[in-house]
Amino acid sequence: MKLYDAARAPSPRRVRLFMAEKGLQNLEVVQVDLSKKEQHSDWFKGINPLGTVPVLSLDNDIHIAESSAICRYLEELQPEPNLLGGDSDEKAMITMWLARVEQYLWLPIHESFRHSHAFFKEQTQITAWAPYAKQQAEKFMLFLDNHLSQHDYMSCDRFSAVDINVLCVIEFARVIDLRIDKLVNFLAWHERVKARPSYLA
Ligand SMILES: N[C@@H](CCC(=O)N[C@@H](CS)C(=O)NCC(=O)O)C(=O)O
């Protein structure tokens, strides 16, 4: 197996943390240099035509793109410690939270970044969209802060892939100057997840 990674990008970080939690760390890692647009090179487009990282390439030449699909594969490969749900109740709840976080946090943060940051200046940017998208993310952050006033973790009252996904996107959100500084429950959760050894992966 080979992981196509980009050290500073948030989506590959999801996979690295997921692997670290499972102790899956002995695989080949290839860094794709996003600043040099290596993701759009012919060789990488042969691996993922959409030109995004992460990608997990299997020994049978299957290339899995999308961090959620990679994590699903890794969970099947090594079920413990469980991160995507044990019984059907947990699987449903974690899937629900993953979908919420993807739609109401990752998407607006990415959109705000995409339409305001110099990294995308060669593409069409609708600058007025950026603050609106940021506001949408802020709304969901308040929802999460409220949820965390009753719970230590994002889903099922235990650490799961949902915590990994929120951690990666919320730390990335600094690039659009979006922070959890004033959200006390969110901050406490952040300290809790930062204390895990996987944090440095
Ligand atoms: N939904 C995808 C998002 C992948 C993605 O957008 N990756 C970014 C890095 S975080 C990327 O490769 N960007 C390169 C570009 O947009 O040119 C996933 O979860 O894997």
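**Close-up 1. The largest pocket of the predicted model has a volume of about 1,400 Å³.** On a 1 Å grid over the protein atoms alone, a pocket is an open set of points where a 1.4 Å probe fits, with protein on both sides within 12 Å along at least five of seven lines, and lining residues have an atom within 4 Å of a point; points are joined across faces, edges and corners, and a volume is the space filled by probe spheres set on them. The lining comprises 43 residues, of which Ala9, Pro10, Ser11, Leu34 and Phe172 lie nearest the pocket centre. Two or more residues each come from α1 (10-22), α3 (67-77), α4 (88-114) and α6 (161-172), and α4 gives the most, with eight.

**Close-up 2. The second largest pocket has a volume of about 160 Å³.** Its lining consists of Glu138, Lys139, Met141, Leu142, Leu178, Arg179, Asp181, Lys182 and Leu183.

**Close-up 3. Strands β1 (residues 2-5) and β2 (residues 28-31) run parallel and are joined by four bridges.** Helices (H or I, at least four residues) and strands (E, at least two) are DSSP runs numbered from the N terminus, and two strands pair if DSSP finds at least two bridges between them. Lysine 2 has glutamate 28 of β2 as its bridge partner.

**Notes.** Residues are numbered from 1 along each chain as its sequence is written, and side-chain values use heavy atoms, with hydrogens and water left out. In this predicted model, local features need pLDDT of at least 70 and side-chain atom pairs count only at pLDDT 80 or more, whereas totals for chains, interfaces and linings use all residues.
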